[in-house]
Amino acid sequence: MSTDSHSAHGHEHHVAHHFRSAEHEYLTSKEGIWLFMVTEILMFGGLFVGYSIFHNIYPEMFAEGAKSLDWKMGFTNTLVLIFSSLTMALGIYFLQRNQAKKAAMSLAITIFCGAIFMVIKYFEYTHKFHLGLYPGRFLDVTKVGAEHANLGMYFGFYYCMTGLHGIHVLLGMGLISWVLFRTVRGDFNSNYYTAVEGVGIFWHIVDLIWIFLFPLLYLVG
Amino acid sequence: MMWFNLAQAQSFMPAEGTKIATQVDNLYAFLLLASFVSCVILIGGMVYFVWKYRRKTNSDKTAYITHNTFLEFLWSFIPLVIFLGVFGWGWYIYHDMRSMPTDALEIHVFGKQWAWEFEYKSGVKTGNMIVVPVNKDVKLIMTSKDVIHSFYIPSFRIKQDVVPGRYTALWFNADKLGEFHVFCAEFCGTQHSGMLATLKVVPQAEYEAWLEEESQVGNLPLAKRGEKIFAVKACASCHSVADASTKVGPSLWKKFAASEHVEGEADVNVDENYLRESILNPNAKIVKGFPKGVMPTFQGQLNETELNALIEYIKTLK
Amino acid sequence: MANAAAHGSDKNYLNETSGIWSWLTTLDHKRIGIMYFVTVMFFFLLGGIMALLIRLELMSPGPTIMTADTYNQVMTYHGAIMVFMVIIPGIPAILGNFFLPIHIGAKDVAFPKLNLLSWYCLMAGALLAFSTLFTHKIDTGWTFYTPYSIKTGTSVVTMVIAAFIMGMSSILTGLNFIATVHKLRAPGMTMYRIPLFVWALYSTAILQVLATPVLGITLLLLTMERTFGVGIFDPALGGDPVLFQHFFWFYSHPAVYIMILPAMGVVSELIATFSRKTIFGYTAIAYSSLGIAGVSFFVWGHHMFVSGQSTTAGVLFSFITMLVGVPTAIKMFNWISTMYKGSVQMQSPMLFALGFLFLFAIGGVTGIMLAVLPVDVHFHDTYFVVAHFHYVMVGGTLMAIMGGFYYWFPKMFGKMYSEALARFSFVFIFIGFNVTFFPQFVLGAMGMPRRYFDYIPAYHSLNTISTVGSWLIATGFLIGLYTIINGLTKGAKAPANPWGGKTLEWTTTSPPPHFNFDVEPVITAGPYEYR
């Protein structure tokens, strides 16, 4: 059993003292990231449960709410995020082949896609504010001419779900910028790319959550 | 052994006022007995082993016993059987407790911070006091005007949360005459522990006479009627009337025609219009030293005559 | 081992580096454990003062030392501090952080930086929580039930965000422990050779990771409800205030086991060591920890038997709750059987373990009573419930913390404490506890609801007894504090293995070196091989 922490893996990265090898460290970190993803999914799970309960009770009200969303914008955003997942995966793929430049390119595109997503989201939000479609008790039913007196609840869900997701997109962009910076600095290579892998898993989960949010909010009517 | 627990259970619990309460107490007595026996086995066994196998020398040799499947099966299976037994017994009583009678006397209950309001079919309203006939099924249809409360009659062993925006129900059939406590059992704010009501169980004839008398409130003099409304709306849980002591809100004793310091404005004279405003729009003027937003508005809950009656009553507080 | 003991005099984790900064930036799981110990002790002191104030107010009916509003605030802070800052981080973050890696022969937890971050999360959350003391305070009870928490004028949002951040801390600890147990076990340390303390922490960690995120989203939704009125819990918009209770207890019931499972783990260690005997039914105890953790996700509705949920739901939740009783009973029987034909030494840690068994037995049987539907209808939200969960949380968890702390004190600090003082603290805590909380069972049976600032005269005498008991407990804990300070300053040097324990921490020096072991251990047998 080797406990040598100065083994010849990577030139910048040192395996932390409590791991036996780079492989050991990589597998452990990956497990940690997946465990964290479990908590993310469960957190959004609470929102999904709340959504399904009230969708069940007030299907027409939810349909009315969904009608006022622009599915084209949502669909564009879905495509943007799916594409960004691909570029994220490519980033890791290139690092595994020691092509840091291409990897950096892919990561930059991923951040750009995240930015596009947020810009579209911004337009959607401001448009709704303009129409007076605020969440909960801030939605003036007579002013927006809503058929259902509790339409505010739909927008409560809409803003909570997309808002929390949006925060995650922003966080993801921040994290990708951090690994992009480190990629450019030359921290990563085929032997050590744990951080990129972790951020990648996070980004995929964020995309996955959107893939559930989009049909639930925009399409189910 | 049963005598021990039955006696204990009754001396430590409020008098049983319904048949269901007796059933619950029997089950509880069994649980007490079973718990007592299991604690004797567990704690007694522990004490015995601690004494019997106490360390004698520093080089004591101990037996190497890793497990015993038969014993482990036994002490999993026997508790399981007991647990499922009491579960079944509990289910049986709970079923009776929660099956609403069809032909019951229905009374509406409103919980509000911090009082109980009762409304009978005939339109009679009471505050913090509910009168019911003995040996008759009574169903309470309950809702809350603000936060969650919980309607609890210890003597009847029944309790039910009172939730805004929906109805919950309770039923009972009181078989003892007398007065019983009603508590609020769900934390609801400042006067949570003061949100008490009295349940009076009276003979049928007395109940009918009481109901008749209460429905004559409309013919009383204005100030008398105001006193009734003051009780029904449980204003007394926040405002004292007999002296200047402060409860949640300012005392109303000798308040009329006095001068009052209010927050951010010149002093006001307490006249009919000020009282009217304070009842319908309590946050318009806040007396110095009292928090804003505590008193609920009574806009829409009192008609003009009731309002006049209340103000006339407050005038009499001297 | 002799060799290791000879080493002990020079460098260990305590004197490896010095200065406050070396502690605040440390990645050593042992130092982080000590930092948790200091801070949790401080929170415990605050929560304890609140408890004494509560008891003092309830000594006699009517206002005694404070107003109703102040009482509600004190009651809320007592609950929130004790739950979020003392009992949940308690054993996992102090004793777990220190001993989990050592127990499995690792040099550290899997993610030392996250470990430190989780301490800072607890600190940030605690600071935020205490900041409300200087603004509008909080009076909702630690359960934050809607719609009261939406309507009250107090600093609910700040407190809720604080609880969210402290939840992050709990998640990070849990995640760290799972990865550590999975990946960092020493050669030969199979899952069936890890000590039962580790099994308990492992089961706890699963609960922390799976349940806490649901609390997170519940608290976020409550924040949203308060600031934007999103309507999910608001009946005026068709929402349901009771849904909050479902969400809340979906976390908070497993959280009850987050509080008690590690205590069970500590007790398993204490009983094996001080009976000098292998634990009876290792597998059964390990699997009952997992079993309790698993079932605990499906019993949340037993907090809501009178909330207006359907009769069917009530029956179902009552049934599943009964099932939790079985693994708990198994553990009790196994611990007691462990002492059979053993060599039982009545050192102070063992006293606390026996105290645990005594109080937990009472907490357990009253738990079964509360699971029986019609009996719970009477007892729900009364002092019977208060007494029950204090028997489990204080009589169980705090006894285990104290016992565990006396057990591992020589290892953690390399010093011995005064045995006589420690026994003294036990006597006061044990007697005081029963005097305080046993009358509360009777009060509950008599119908006194909980969270009551004032009560009818019939409850007076028992409340007075209870208040006197609280002074005895306080004395016991003060003696405990003195025992620790006295041990730290004047204690004799501790040997590597003062109790004759068989788990790995006793094979290294007291206090352990920076990397826990001078040589990575290789494990060839189970944890309690007293042959």
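Among contacts in chain A between residues at least 6 apart in sequence, what percentage join residues at least 24 apart? The figure is 72%. Here two residues are in contact if their C-beta atoms, placed from the backbone, lie within 7 Å.

The model is predicted: local features need pLDDT of at least 70, side-chain atom pairs count only at pLDDT 80 or more, and totals for chains, interfaces and linings use all residues. Residues are numbered from 1 along each chain as its sequence is written, while chains are lettered from A and ligands numbered from 1 in the order in which they are written.

Start with chain A. Its secondary structure comes to seven helices and zero strands. Helices (H or I, at least four residues) and strands (E, at least two) are DSSP runs, numbered from the N terminus. From the N terminus on, the elements read α-α-α-α-α-α-α. The C-alpha trace of chain A spans about 70 × 35 × 25 Å along its principal axes. Of the 221 residues in chain A, 39% are buried. A residue is buried if 20 or more other C-beta atoms lie within 10 Å of its own, exposed if 12 or fewer, and partly exposed in between; these C-beta atoms too are placed from the backbone.

Now pick one residue, A:Val179. Its place is in helix H6 (residues 151–185) of chain A. Why does A:Val179 count as buried? Because it has 26 C-beta neighbours inside 10 Å. Leave aside the neighbours within four places in sequence, and A:Val179 is in contact with A:Leu107, A:Ala195, A:Val196 and A:Val199. A:Tyr159 is 20 residues from A:Val179 in sequence, and their C-alpha atoms are 30 Å apart in space.

Chain A also touches chain C. There, 29 residues of chain A are in contact with 34 residues of chain C. H1(A) provides the largest share, 15 residues. By class, the side of chain A that touches chain C has 14 nonpolar, 13 polar and two charged residues. Ala, Val, Leu, Ile, Met, Phe, Trp, Tyr, Cys and Pro count as nonpolar, Asp, Glu, Lys and Arg as charged, and the others, Gly among them, as polar.

Within chain C, look at a pair of helices. Two packed helices are described by the angle between their axes and the distance between the axes. The axes of helix H8 (residues 196–228) and helix H9 (residues 241–275) of chain C come within 8 Å and cross at roughly 160°. Axes are lines fitted to C-alpha atoms, for helices over the stretch in contact, and angles run from 0 to 180 degrees between N-to-C directions. So H8(C) is roughly antiparallel to H9(C). By contact class, H8(C) with H9(C) has 23 nonpolar, seven polar and one charged residues.

Chain B brings in strands. An open sheet of five strands has the order E4-E10-E9-E6-E7 (chain B), with mixed pairing. Two strands pair if DSSP finds at least two bridges between them. Strand E4 (129–133) and E7 of chain B stand at the edges, each with a single partner strand, so one side of each is left without a neighbour in the sheet. The twist averages 25° from one strand to the next.

Follow E6(B) next. E6(B) and E7(B) pair in the antiparallel sense over five bridges. B:Ser150 stands opposite B:Asp161 in E7(B), and B:Ile153 stands opposite B:Ile158 in E7(B). Their hairpin has four residues between the strands, and in it B:Arg157 takes a positive phi near 60°. E6(B) and E9(B) also run antiparallel, joined by two bridges. In E9(B), B:Cys184 is the bridge partner of B:Phe151.

In a regular strand the side chains alternate between the two faces of the sheet. Both faces of E6(B) are covered. B:His149, B:Phe151 and B:Ile153 are buried on one side, and B:Ser150 and B:Tyr152 are buried on the other.

Finally, chain B meets chain C. Here 70 residues of chain B are in contact with 73 residues of chain C. Several elements of chain B each supply at least two residues, among them helix H2 (19–52) and strand E6 (149–153). H3(B) gives the largest share, 15 residues. The side of chain B that touches chain C has 39 nonpolar, 20 polar and eleven charged residues.

Terms used: Parallel < 35°, antiparallel > 145°, perpendicular 65-115°, else oblique.
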